[in-house]
Amino acid sequence: MTSLRIFTVGGLLSYRALFNWQSPTYYIPTMLAHPVFQILFFAYLGRFAGTESDSFFVVGNGIQVCAMAGVYGMALTIGGERWTHTLGSLLATPANRAALFLGRALPNVANGVLVSVFGLAAGRLLLDFHPAPGSVPSIFLLVVICTLSCSAFGMAVGALGLRFRDVFMIANPAYFLMLLLCGVNVPLDRLPDWMVTIGSGLPLTHGIAAAREVAAGASLSSVSTLVWKEIAVGAAWTIVAYVLLRVFEAEGRRRATLETV
Amino acid sequence: MRVVRLLWVGLVFRVKELTRSGLFIFTSVIEPLIFATLTYYLFNAGSKPETVIYSALGAGMMGIWSSTLFASGGAISWQRWQGTLELLVAAPPAFLLVIFPLTLGSATIGLYSLTATLAWERLFFGLPFDPVHPLLFVVSPPVLIFGLAALGLVIATSFVLYRNANALSNMLEFPVWLVTGVIVPLSLLPGWTSVIGWVLAPTWGFQAVRRAVFGGDVWPSIGMCLALSAVYFVIASVLMGIFERRARERATLSLA
């Protein structure tokens, strides 16, 4: 019961205290306008290059923008504990670590879903992206799965914030490399093999591929392999994140660096 | 002479300061290379192979805007966080002259993005780079830098008054890339966006660099870029006066 309380109440309080972009003056430009401009930019870039349809870019970027919350949000939420000097106190508690950190992911997952849905809706209104109405629930489900796996990856990035002073040094490359490696803007078969291999171990790659097929009319069951791969990648990153958090917590205690800013 | 010295010292200080910021080094070094690689594969996968070299130059210029936007936006915020903003405002020189070298320094470092991107694409992707007007290719990037710095100055003024103005810099990266035609020709965008592009000095600066590389009349673009930059200085000067006064009245200068 205590772990459940830490998971829900602790996660919510942490989000309210540490997620720096909650104010509308931050949230709207950063979490809503930026993703829409990203989608528009790549869609027009694709038109100019003659690469793929608008639909390809709207689905790819519309889902990838969940990383705004999944990667940056998690980095802020975990790394923020260091900046506000609460990390030492937090890790001095006997709280269940899984509940502690997974609870911090949950509000970011909800936020990521909202950002992605907004981006996809904007793409539907502004570009040539017209998925069949029947495919919308399946696309929504894929957005939720992708956001979960992306937040697990973000938690691993945030864990590095326990070790490195500026977590954005990791979050920024992570976000931008996803644009390149996850098939967001370049068809995977046009990338070198080594990039495809890295991409297949990152969140979003399989989920975006599944969402593209669903948006084109395929059923969810026909892309189940891709969906399960995405879930497996998310689960793997959750384990990686948990291990990193525990390792860096122990190392931070040993080296007395938890409060180094 | 004192103004020139102030600008020079500010510029050198800013460049030194930024080259010691890990986050800024990422923005001006790593991010442009990621975008260069992305655009290379994206355009290579497309049906118009002739656009690959066009995109290569565009990707390099995109990096200049990123570093200008990021560091110009941060110019005043960072002073505020370090507790030096009030001292700078209270100093005898006009605050605009103190801030301008900060934005110019950010844009100047952006030159590295252009160079690194072109070198990256030459070395790793074998893309040729033979400017049609080599001499003008040397002249036009500094003009572009000046135009970007002037635009950065206008953006920076808002940070004096609004603490949350850096949300603006989070948002402006992609739209300015779009409406200035840095990598996507303006003719592909809705007509009304061209009007926005025309009043942005970087549009003309980007065009000058592009024409120096691919051919075309460079001087009109350079002229437009410089003229619009001058207009930005006037706008920034007026806005800075208003914002500085309001921030003093409301005692919000040092509030982070």
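**Close-ups of a predicted two-chain model**

**View 1. Helix H10 of chain B, tucked inside.** Of the 14 residues of H10(B), 13 are buried, so this helix is largely enclosed by the rest of the structure. "Buried" is used when 20 or more other C-beta atoms lie within 10 Å of a residue's own, "exposed" when there are 12 or fewer, and "partly exposed" in between, with C-beta atoms placed from the backbone. Helices here are DSSP runs (H or I, at least four residues), strands are runs of E (at least two), and both are numbered from the N terminus. H10(B) covers residues 201–214 and reaches 20 Å from its first C-alpha to its last, close to the 20 Å expected at 1.5 Å a residue; that expected span is 1.5 Å times one less than the number of residues.

A quick word on the model: residues are numbered from 1 along each chain as its sequence is written, and chains are lettered from A and ligands numbered from 1 in the order in which they are written. It's a predicted model, where local features need pLDDT of at least 70, side-chain atom pairs count only at pLDDT 80 or more, and totals for chains, interfaces and linings use all residues.

**View 2. Leu204 in a loop of chain A.** Leu204(A) sits in the loop between helix H9 (193–200) and helix H10 (205–215) of chain A. It isn't a glycine, yet its phi is positive, about 85 degrees. Leu204(A) has 30 C-beta neighbours inside 10 Å, so it counts as buried.

**View 3. Val157 in the nonpolar core.** The largest nonpolar core has 154 residues, and Val157(A) is one of those with the most contacts inside it, along with Cys66(A), Val71(A), Ala75(A) and Ala171(A). Such a core is a set of buried Ala, Val, Leu, Ile, Met, Phe, Trp, Tyr and Cys residues joined through C-beta atoms within 7 Å. Leaving aside neighbours within four places in sequence, the contacts of Val157(A) include Met74(A), Val167(A), Ile170(A) and Ala174(A). A contact means that two C-beta atoms, placed from the backbone, lie within 7 Å.

**View 4. Where chain A meets chain B.** Chain A brings 32 residues to the contact and chain B brings 31. On the chain A side, helix H2 (24–49) and helix H8 (168–181) are the elements that give two or more residues. H2(A) supplies the largest share, 15 residues.
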